[in-house]
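Hi there,

Here is the structure I promised to pass on to you.

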Amino acid sequence: MVCKFFALLVLLQCSTILGLHLDSSSSKMMLSRRNIFTGAAAFTSAALVLPTCGVETAAAASNAPGIQGMRGTYERVPGIGSGFDMLSENPVAEVDVLYPPSINGTWVCERNVASIEGDTQQATGAWKLLGGTGDIQKEEKYNVRFIDLRRDSDCITGLDGKQYYGDIFDRGYEIEERTGGGDAPTVVTWDGRIPNILNYQRSGSGATPDVELKVLQRSIDRPNEKGWGSNEVIRVTTNSAFLGTKIDITYAVRVQRKWRRNTTEEGDRIVEGLEIMKTYRVLDGIAGLEMPTSTTKSTLRLTRMYQTRPLKTIEEKEGAVGDASSETTASSETKASPETTASTETKISPETKSSPETTASSETTTS
């Protein structure tokens, strides 16, 4: 009996290598890992441990540190250490990531994966669940949009010291555009006033199970002269069929982004970004955020669909062309100016050569 029990433990441990989690909805179908470990401890204490040691074991268990969550203090699962409760429903401190109002509207996003460290399978899976389409090693190009909701919580201070309403990133529009390369549109549910929850499902030939993206933790760097950024822990939930029953699977992903303004050689305004995506192992809803299983670094570049170079630059270029043309014309006119012509005529004037005074002078000398 002991062998069968620990064989079950080994089987369950192997099922968590990919960092998957069985949600509470499937707890009726399969035993909770915490209950199994608790049962194992009770079983071994009763069958293998002497009665005189039982008091010490109970005292040690009562003094063991726990993980605080919405449902109380959890018993720490061996081998995890400190962790983050991925099933927590605590409110997020920051309402959303704020962007400068100057980038309001639609941009073209060019995304390139620069490097992948660690488990490439985990990295690719998280990349796809966050909207990645096609080959992770190839460039993605799609539209993104920033919107202004005019909420009191969206006030930021501009570089001129004045107060402005910041923009937020349209997460639903990004998923639609990023996954829109198939033969049918992606069905997305997202509300900008409740920005931390997004649900979508790809359709057509690339159909996938329902996916939920929920931000559980966020910190932001508000816009300043050096740029702006964000750091979010996201719970990604999808499902898989097991013996005819859908089982929810939870991933833990951290997405860090840093943005800055820049200009092209032609003077057009662009926004450059760096994204770092990390995945973590999840055991029974607890993620070990201190040890990522993979790290993916990507570069982002936002450009407008039209020229954004300053009008002054255009006018200066046109003025430079106009000045050069005027100088050329003026130079040619100077060469053929009337005064120059008159001067030339004075030097070789026939009247000067045969003037009456000159002739009279010649006659007087002769006489």
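A pairing to start from: Leu 198 has Leu 213 as its bridge partner in β11. That strand covers residues 211-224, and it runs antiparallel to β10, with four bridges joining the two. Please keep in mind while reading that this is a predicted model.

On to another pairing of β10. Strand β9 (residues 187-191) pairs with β10 (residues 194-201), again in the antiparallel sense, and five bridges link them. Two residues lie between β9 and β10, and the two strands form a hairpin.

Then there is Thr 237, which sits in strand β12 (residues 227-242). Is Thr 237 buried or exposed? The cut-off for buried is under 20% relative accessible area, and Thr 237 comes out at 13%, so it counts as buried. Leaving aside residues up to four places away in sequence, Thr 237 touches Asp 210, Val 211 and Glu 212, and also Asp 248, Ile 249 and Thr 250. Of these, Val 211 falls within the range of β11 (residues 211-224).

Finally, some figures for the whole chain. It has nine helices and 15 strands. Of its 367 residues, 37% are buried. Taking contacts between residues at least 6 apart in sequence, 62% join residues at least 24 apart. The chain exposes about 21,800 Å², and 56% of that comes from carbon and sulfur atoms.

How values were computed:
Residues numbered from 1 in each chain as written. Predicted model: local features only at pLDDT ≥ 70, side-chain atom pairs only at ≥ 80, totals over all residues. Heavy atoms only, no water. Pairing = 2+ DSSP bridges. Buried < 20%, exposed > 50% of the residue type's maximum accessible area, 1.4 Å probe, protein only. Contact = heavy atoms within 4.5 Å. Areas by Shrake-Rupley, 256 points an atom, 1.4 Å probe, with all protein chains shown as cover.
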